[in-house]
Amino acid sequence: MKYAYYPGCSAHSTARDMHESCVAVAKELGIELQEIKGWTCCGASAAHQTDRVLAASLPAANLLLAKEMGLDMVVNCAACYSRSKNTNYEVVHSSTMYKKVTAALGQPYDGSVPVRHFVEVLLQDFGPKKIKKAVKHPLNGLKVACYYGCYLLRPPEVTNFDDPENPSIMETLIEAIGGEALEWPGKVECCGGALNLTRTEITVARSASIIEMAQAAGADCIVTACPMCQTSLDLRQRDMQKTNGKLYDIPIPYITQLIGLSLGIPAKELGINRLMVPPKAVLKALKV
Amino acid sequence: MTIRIKKQSTGKNLCSAVEQLAGVDLSLCYQCKKCSIGCPVSELVASAPAEIIRRLQLGAGDELLQTDLIWTCLSCETCYARCPNEINFAGIIDALRTIALEKGAAKPKGNSPLFNRRFLNTVKSYGRTYDLQMIISYKLGTGKYMDDVEKFPTMLKKGKMAILPPMGANKNKVKRIFDNVKSKGKSR
């Protein structure tokens with residue numbers, strides 16, 4: 001199992017823990033991630049809010065590099081995943097976009113490189129049975145709310161990730177490592193991350209309502225696979241407290257961090273200490 | 001509810017510009033309002049998604065570029081995912097953003113266009129985003145100096161904010177893409 005790995009910009013800034021835990025889990029399971037040399041930014045929200053051709057061209061530069069490597073591209077950031085898949089969709093479905101992207105890059109890109117999120121690789125290529133066998137510290141029934149957000153799921157014809165209204169990829173993985181994946185109504189809601197710095201009050205309100213839904217379902221923690229969601233839910237808990245006048249204190253680990261802990265990878269290698277809300281309940285359940 | 005629109009003054013139909021830019025056919029909308037119901041910011045804005053479509057269908061002009069949903073939209077794409085006729089409303093919003101930027105009509109609360117420019121400037125300079133520079137320059141442009149400063153020391157301590165600019169990206173390639181899009185590739 002070998003892939004071209006695209007870490008994305010947040011891997012070296014706000015989501016170092018996402019990157020560290022992905023790399024550590026892959027190594028432990030023998031999944032080879034070869035980082036794309038010289039990779040560049042996908043443009044994220046700023047590009048698609050500005051110009052559609054720029055938004056399709058920036059990810060295409062990385063997809064071309066993965067194509068040269070002859071490998072599927074694995075992404076761990078849901079936003080990069082969404083933008084890269086969007087590029088594939090655009091150049092395949094519109095000859096005008098294909099021509100404009102070719103003009104922007106100075107060479108053609110045909111949309112042929114498969115883009116995979118790391119959790120898809122874990123579930124579909126590696127498989128939950130093998131993960132279960134590799135578990136050293138099961139979650140001991142830890143109650144986990146799996147939170148998907150937007151970028152992985154929508155629009156479904158572009159991302160083709162899972163059922164857009166009731167996905168279950170992360171639930172299957174959580175069950176494989178011994179957790180109890182909760183049924184709860186918030187898993188495909190939007191955290192408001194796109195306005196995190198510009199209209200913070202909207203992000204705070206959206207994220208608080210998601211946390212409240214998870215807590216009402218009895219969650220010990222909420223797992224994500226998206227650095228925007230993770231930042232909104234984790235970093236903004238103090239702001240929620242200020243706005244709503246009550247305590248918010250629920251850990252928001254990346255799913256790869258929980259998987260890593262269950263595989264016996266030391267917490268430090270998974271960036272557990274980087275979480276804003278310390279995951280005490282998680283570590284207690286795991287007895288690590 | 002009665003929707004009133006201004007009579008076209010420019011003679012240029014915003015609806016067809018949006019349709020072309022977003023690759024959508026707005027005549028397909030029969031106002032089921034699933035987009036408005038699923039929209040997480042509907043209740044915060046003057047006109048919800050279905051109303052924006054109706055206004056475009058009725059021939060709204062450039063005054064629609066000031067409507068607050070354009071920059072309050074979270075791009076969550078719930079509208080598009082749930083539309084029975086697969087109308088890409090998130091794409092419509094992106095088209096309205098592009099047109100608003102071109103016409104200098106984008107001055108929303110929170111100034112997302114400034115944020116986007118600062119974001120893309122760091123990508124142009126380093127080939128990747130440089131959060132620290134982006135945030136500081138955005139704050140300088142908006143005067144929101146004190147927002148979130150109390151989180152900063154913890155984020156630095158936890159390594160959640162890189163101090164140095166990113167290294168290792170093919171900067172020249174990114175700069176070329178920006179230049180090419182500006183000169184010949186633009187959406188319109």
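**Notes on the predicted two-chain model**

1. Let's start with helix α6 of chain A, residues 118-126, which lies across β1, β3 and β4 of chain A and runs at about 85° to β4(A). Helices (H or I, at least four residues) and strands (E, at least two) are DSSP runs numbered from the N terminus. Axes are lines fitted to C-alpha atoms, for helices over the stretch in contact, with angles from 0 to 180 degrees between N-to-C directions. Contact is counted when the C-beta atoms of two residues, placed from the backbone, lie within 7 Å.

2. A word on the ground rules: this is a predicted model, where local features need pLDDT of at least 70 and side-chain atom pairs count only at pLDDT 80 or more, while totals for chains, interfaces and linings use all residues. Residues are numbered from 1 along each chain as its sequence is written, and chains are lettered from A and ligands numbered from 1 in the order in which they are written.

3. Now the sheet itself. In chain A, four strands make an open sheet, ordered β2-β1-β3-β4, with parallel pairing; a pair requires that DSSP finds at least two bridges between the strands. The edges are held by β2 (32-35) and β4 (115-117) of chain A, each with a single partner strand, so one side of each has no neighbour in the sheet. On average, neighbouring strands of this sheet are turned by 40° against each other, direction ignored.

4. Take one pair from that sheet: β1 (residues 2-6) and β3 (residues 73-75) of chain A pair in the parallel sense over three bridges. Here A:A4 stands opposite A:M73 in β3(A).

5. Among the contact residues are A:P59 and A:L63 of α3(A) and A:R83 and A:E90 of α4(A).

6. Turning to the interface, 48 residues of chain A are in contact with 53 residues of chain B. On the chain A side, α2 (44-48), α3, α5 (95-105) and α10 (200-216) each give two or more residues, and α3(A) has the largest share, six residues.

7. Finally, chain B is divided into domain 1 (14-102) and domain 2 (112-182), with bounds from an automatic or database domain assignment. Their centres, taken over C-alpha atoms, are separated by 29 Å.
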